[in-house]
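Let's take a friendly walk through a protein and look at how charged side chains pair up. Have the structure open as you read.

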Amino acid sequence: MTKLKRILRDNKGGSFPLTVAITLALLIILCGVTEYFRLNIIASGVKEALQDAIIVTVNDNYADVYHGVREGYSGGYQPDGESFSYSVNTGDIYSYMDSTLGTKKMVGRHIKTVGGVTEYSLDRLDVTVRNAPLAPSYPKNAQRFEADATIWLEAPVQFGGKQITTMRIKLKVQAGYTEVF
């Protein structure tokens, strides 16, 4: 430690290479941190867009989930003569996300490009709608109307303007209706 202090206090220019090395090391660390933040912002933006899309899907099912049947808070069912039939719409989540995120469908994936360079791509969207039971015996413990969505996000990890690898993560969101009254 005393040798390092002596080198840094030396007025002969001997500390110049050490100063350059420390500056370059800090620059490399800063580049890594900014790339981490870039990928984190992309992932959180895609997850928020997916959350919005699934909420829109649940809201679009509102009329079927709580129509005025005598049974009260039933799930997505419609009267069908003497019984009820399952009536749930999963919506068009990809088109909602395309308009929100600015992605375009290419080769089976939804890709966001900036200046001709791929920023990220989305694929393997899976939407599961769990319907609430029709006239449950115990409404407080019954399954509520919920929709889950998962999607795979791929974004190139870059360093020094070159792609090193690809980040692949699975994003999952959930939305549902809970009765108020």
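A salt bridge is a side-chain nitrogen of Lys or Arg within 4 Å of a carboxyl oxygen of Asp or Glu. This is a predicted model, in which local features need pLDDT of at least 70, side-chain atom pairs count only at pLDDT 80 or more, and totals for chains, interfaces and linings use all residues. Residues are numbered from 1 along each chain as its sequence is written, and side-chain values use heavy atoms, leaving out hydrogens and water.

The structure contains seven salt bridges. Find Arg130 and Glu146: their side chains meet in one of them, at 2.4 Å from N to O. Arg130 belongs to strand β5 (residues 117-130) and Glu146 to strand β6 (residues 146-159), so the pair ties together parts that are 16 residues apart in sequence. Strands (E, at least two residues) and helices (H or I, at least four) are DSSP runs, numbered from the N terminus.

How far into the protein do these partners sit? Buried means under 20% relative accessible area, exposed over 50%, and partly exposed in between (1.4 Å probe, protein chains only). Arg130 is partly exposed at 26%, while Glu146 is buried at 11%.

Now look at Glu154 and Arg168, whose side chains form a salt bridge of 3.4 Å, N to O. This pair links distant parts of the chain, with Glu154 in strand β6 and Arg168 in strand β7 (residues 162-176), 14 residues apart. Salt bridges with shared partners join Arg109, Asp123, Arg124, Glu154 and Arg168 into one network.

Finally, turn to helix α2 (residues 16-60), where Arg38 and Glu35 lie three residues apart, about one turn of the helix. Their closest N and O atoms are 2.7 Å apart in a salt bridge.
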